[in-house]
Amino acid sequence: MNSGTGTDIRSGADIAHQSARRQDRVRELVLGALESVRRRSGEASVLDCGGGSGRLAVPLAVAGAHVTVIDISVDALAVLRRRAIEAGVADRIVPVQGDVEALPESMTSGSFDLAIVHEVLEVVDRPGFVLAGVARAVRPGGLVSILAVNPAASVIARALAGDLVAALAELRGIVAESGAPGRLAPDALAEMCRAAGLVIEATSGVGVFAELVPGARVEAPGGYEALAELEALAASRSPYRDIAARVHLLARRDAGDGSMLVSAPRNAGPDR
Ligand SMILES: C[S@@+](CC[C@H](N)C(=O)[O-])C[C@H]1O[C@@H](n2cnc3c(N)ncnc32)[C@H](O)[C@@H]1O
């Protein structure tokens with residue numbers, strides 16, 4: 001499976017920098033979604049599926065949200081608890097040990113304003129089934145934020161690194177198993193959203209070029225600025241977003257009355 005792409009052409013320091021930048025961008029996208037679903041009172045409830053150690057739950061709680069995190073890993077939830085206490089938001093985070101493939105009924109009653117499904121659909125056996133459950137968890141008009149590793153990015157990274165045999169094997173796997181767990185191409189994800197009754201409002205790539213450029217090049221004068229601008233411009237534009245290391249979809253549960261109730265977040269690109 002694609003584990004972040006391009007390992008051959010990047011040093012450990014490159015990978016750490018790129019991962020930090022990716023996390024910043026993802027946090028920005030999620031906080032934008034939170035702004036968009038806040039109720040008049042400013043309150044918002046969030047369900048973080050496979051939220052692990054709280055990389056998003058903690059900043060969301062700091063921003064005022066009430067966050068329920070369901071994760072199968074006891075260890076990850078222990079880290080979440082510690083981080084929540086350190087950030088002073090333990091009273092706004094509810095950790096639940098459980099399986100997203102069997103969401104408890106209390107979670108699927110349509111009460112959440114925002115659900116997050118980041119880097120989880122590719123590790124479960126029935127991604128479409130999980131997404132349908134998550135869609136039921138949000139209220140009509142609520143948002144679902146989906147982030148998935150893009151299998152196309154791995155093919156490109158391997159080819160650019162000169163490992164053409166691995167690139168070919170990777171591409172053959174994608175062609176043969178398109179839509180299978182671990183091989184969720186953006187079009188398969190989009191189809192899953194439609195099947196779950198979600199309307200996609202924005203699609204963006206996270207890490208279009210950042211994960212392909214060797215760190216030394218980025219550190220050259222003007223490198224960081226140029227890369228940041230490249231990423232910002234390319235993120236919501238096809239074909240660049242289609243080859244990004246991660247694909248982010250922001251989808252809304254139909255309000256059922258022909259309207260979508262609230263407007264799209266300001267920092268999400270248009271879906272083209
Ligand atoms: C790659 S991590 C992503 C963590 C987090 N969503 C993020 O983006 O930082 C995948 C997480 O999903 C959790 N997970 C895997 N399978 C799961 C399942 N069936 N039910 C609940 N959580 C699961 C793992 O324990 C892990 O914390």
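What share of the contacts in the protein with a separation of 6 or more comes from residues 24 or more positions apart? It's 77%, where a contact means two C-beta atoms, placed from the backbone, within 7 Å. What you have above is a predicted model, in which local features need pLDDT of at least 70 and side-chain atom pairs count only at pLDDT 80 or more, while totals for chains, interfaces and linings use all residues. Residues are numbered from 1 along each chain as its sequence is written.

Let's start with the inventory. The protein has 9 helices and 7 strands; these are DSSP runs numbered from the N terminus, with helices being H or I of at least four residues and strands E of at least two. Of its 272 residues, 42% are buried. Here, buried means 20 or more other C-beta atoms within 10 Å of the residue's own, exposed means 12 or fewer, and partly exposed is anything in between, with C-beta atoms placed from the backbone.

The 7 strands make an open sheet with mixed pairing, in the order 3-2-1-4-5-7-6. At its edges sit strand 3 and strand 6 (198–206), each pairing on one side only. From one strand to the next, the twist averages 15 degrees. Two strands count as paired if DSSP finds at least two bridges between them. In general, strands of a sheet pair through backbone hydrogen bonds, either parallel or antiparallel.

Follow the chain through one end of that order. Strand 1 (residues 45–49) pairs with strand 2 (residues 66–71) in the parallel sense over 5 bridges, and Ser-45 has His-66 as its bridge partner in strand 2. To get from strand 1 to strand 2, the chain goes through helix 2 (residues 57–62), a right-handed β-α-β crossover. Right-handed means that, with the strands pointing away from the viewer, the path from the first strand over the helix to the second runs clockwise. Strand 2 is mostly covered, with 5 of its 6 residues buried.

Strand 2 runs parallel to strand 3 (residues 93–97), joined by 5 bridges, and Ile-70 has Val-96 as its bridge partner in strand 3. Helix 3 (residues 74–86) carries the chain between strand 2 and strand 3, again as a right-handed β-α-β crossover.

Gln-97 is worth a stop. This residue lies in strand 3, and it counts as exposed because 12 other C-beta atoms lie within 10 Å. Leaving out residues up to four places away in sequence, Gln-97 touches Asp-71, Val-74 and Leu-77. Asp-71 is 26 residues away from Gln-97 in sequence, yet their C-alpha atoms are 5.3 Å apart.

Elsewhere in the sheet, strand 4 (residues 112–118) and strand 5 (residues 138–149) pair in the parallel sense over 6 bridges, and Val-117 stands opposite Ile-146 in strand 5. Helix 4 (residues 127–137) packs on the sheet, touching strands that include strand 1, strand 4 and strand 5, and its direction makes about 160 degrees with that of strand 4. That angle is between N-to-C directions on a scale from 0 to 180 degrees, using axes fitted to C-alpha atoms, for helices over the stretch in contact. Among the buried residues of helix 4 are Pro-127, Val-130 and Leu-131; their cover includes helix 7 (186–195) as well as strand 6 and strand 7.

Finally, the ligand. It is surrounded by 17 residues, the closest being Gly-50, Gly-52, Ile-72, Ser-73 and His-118; a residue counts as near if its C-beta atom, placed from the backbone, lies within 6 Å. The shell around the ligand divides into 7 nonpolar, 5 polar and 5 charged residues. Nonpolar covers Ala, Val, Leu, Ile, Met, Phe, Trp, Tyr, Cys and Pro, charged covers Asp, Glu, Lys and Arg, and the others, Gly among them, are polar.
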